[in-house]
Amino acid sequence: MEKKDITVVGGGITGLAIAYIAAKNGKSVRVVEASKNFGGLLNTFYIGGNHLEYYYHHFFTHDAELNWLIKELGISDQLEFHETTMGVFRNGKIFDFNSPFDLLKFSPISFIDKIRFGLTSLYLGKVAQWEKFEGVSSMDWLYKWAGKGTTNSLWKPLLDIKFGPHAEKVPLAWMIGRLRQRMNSRKKGDEKLGYLKGSLKTLLDALLEKLVEMGVELVGEAPVTELLIEGKKLKGIETPKGKIEGGEFVMTIPTIYLSPLLGAASKLKAQLEEIKYFGAVCTILELDRSLSPIYWLNVSDEGFPFGGIIEHTNFISPENYEGKHLVYLSRYFDMEEDLAQMSVEEIGKIMVAPLSKIYPDFKESEIKQLHVFKTKTAATVCDLNFSGKVPSNKTEIEGLYLANMAHIYPDERSANNSVRVAAEACQAMGLDASFVPANASLAGKIGFE
């Protein structure tokens with residue numbers, strides 16, 4: 001293939017954003033993607049006369065990077081923000097969890113623990129510096145400062161369902177990143193979240209169209225099968241569609257797919273193999289009615305195969321989906337769990353069965369359609385002092401650069417944080433990314449010296 005200044009491997013939002021920034025710098029760019037569809041975790045499917053994400057997405061009001069990209073693509077008129085509601089299922093009961101008044105009515109914890117919950121949440125979300133808490137376990141800190149009742153009723157279930165066997169080792173730095181995201185999206189206690197009309201397909205289509213217009217070459221169905229390394233320099237890559245040589249290469253694919261391509265004695269290979277990933281599964285129910293008025297319900301009781309019930313059509317009106325009500329049942333999983341090996345049919349069955357324990361009047365016969373989506377690389381397993389595992393953008397191999405999900409730490413995975421990582425990666429490679437605004441994101445702080 002024709003030589004390009006930069007070849008980006010991986011056509012998810014990070015790779016596409018890097019391509020866009022590099023092309024704005026006047027560079028010739030190629031994006032190589034293993035599957036036939038670009039977009040990665042942003043992909044959607046057709047449902048109810050519209051499109052919907054495989055994995056639930058929403059934007060925050062403070063997502064400066066994503067808002068910038070949306071404006072650049074000329075689709076700001078498609079972005080809308082709505083107030084949302086949150087709840088907690090604990091001790092067999094659904095509690096609203098949106099305001100200080102809701103907290104006061106949350107009976108599973110004592111009045112003293114409610115005060116401790118409020119103060120510790122404010123501290124972590126507004127004051128704490130994540131750098132000081134990388135070696136501190138979230139669970140240990142929360143038991144000490146938020147209290148046993150609060151931690152067992154709210155924080156431990158969240159960490160257990162997301163991190164499974166690794167929950168005890170999740171650094172408080174990650175919790176700071178997560179709470180900062182949520183708290184910065186609230187104003188006077190109310191939370192507004194954003195969504196694009198037509199789903200993330202609107203963003204993806206506009207971005208791909210713009211990249212083609214800018215001369216970026218998009219190569220799909222071309223997984224990298226070999227790195228062509230001579231000495232300590234990456235000369236090119238091999239794909240089923242041919243050899244690509246020359247220029248610089250930016251790898252945005254998960255490290256578990258990159259490390260097997262590196263030499264056995266490579267220091268980089270050993271470092272990348274230290275990074276583990278969680279999978280995620282979303283079971284989407286298509287119903288004729290709503291389950292509850294709540295958009296996001298955290299399930300804090302034990303024994304459920306999902307940790308969150310996200311009723312999408314309590315956020316975006318069912319009118320956009322021919323009157324259908326759409327519900328996500330979400331769950332992260334460790335690669336050692338049975339869920340990792342289950343078929344989508346098996347997953348659908350175990351996810352749906354316990355719903356009647358939360359909604360007693362719900363019957364499985366109400367489900368008009370059921371869709372299951374599963375990925376093995378939804379998020380990195382960030383344990384204590386995870387920054388030591390985050391690889392440098394500039395590797396020991398000349399011409400090989402990295403920008404992937406590990407670089408989002410200590411923040412939480414999101415489309416906005418992926419754009420921030422893309423901007424930092426371009427800046428570290430000597431490109432100008434100063435036109436990409438920054439706000440509350442903690443992503444891209446490590447590995448881009």
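Is Tyr123 buried, exposed or partly exposed? I looked it up, and Tyr123 is partly exposed, at a relative accessible area of 31%. My cut-offs: buried is under 20% relative accessible area, exposed is over 50%, and partly exposed is in between, with a 1.4 Å probe and protein chains only.

**Ground rules.** I'm working on a predicted model, where local features need pLDDT of at least 70, side-chain atom pairs count only at pLDDT 80 or more, and totals for chains, interfaces and linings use all residues. Residues are numbered from 1 along each chain as its sequence is written, and side-chain values use heavy atoms, with hydrogens and water left out.

**Overall build.** I get 13 helices and 21 strands in the chain; these are DSSP runs numbered from the N terminus, with helices being H or I of at least four residues and strands E of at least two. The radius of gyration is 22 Å, close to the 22 Å that the globule rule gives for 449 residues, so the chain is as compact as a globular protein of that length. That radius is taken over C-alpha atoms, and the rule is 2.2 Å times the number of residues to the power 0.38. Along its principal axes, the C-alpha trace spans about 65 × 50 × 40 Å.

Of the 449 residues, 58% are buried. Among contacts with a separation of 6 or more, 70% are between residues 24 or more positions apart, a contact being heavy atoms within 4.5 Å.

**Surface and charge.** The accessible surface is about 18,700 Å², and carbon and sulfur atoms own 50% of it; the method is Shrake-Rupley with a 1.4 Å probe. I find 51 positive and 56 negative side chains, with the centres of the two sets 4 Å apart. Lys and Arg count as positive, Asp and Glu as negative, while His and the chain ends are not counted. Each charge is placed at NZ of Lys, CZ of Arg, CG of Asp or CD of Glu.

**Aromatics.** The structure holds 24 aromatic pairs. Rings of Phe, Tyr and Trp (its six-membered ring) pair if their centres lie within 6.5 Å; planes under 30 degrees apart are stacked, over 60 edge-to-face, the rest tilted.

I looked at Tyr56 and Tyr328: ring centres are 5.7 Å apart and planes at 75°, so this pair is edge-to-face. Tyr56 sits in the loop between strands S4 (50-53) and S5 (59-60), and Tyr328 in strand S19 (residues 325-333), so the pair ties together parts 272 residues apart in sequence. Tyr328 is buried, at 1% relative accessible area.

Phe133 is buried at 13%.

Most residues other than glycine have a negative phi, and most peptide bonds are trans. Where did I find a cis peptide bond? One joins Tyr409 and Pro410, with omega about 10°; Pro410 lies in the loop between strand S21 (400-402) and helix H13 (415-428).

Asn91 has a positive phi of about 55°. Asn91 is in the loop between strands S7 (86-90) and S8 (93-96), and it is exposed at 55%. Glu221 also has a positive phi of about 55°. Glu221 lies in the loop between strands S11 (217-219) and S12 (226-230), partly exposed at 47%.
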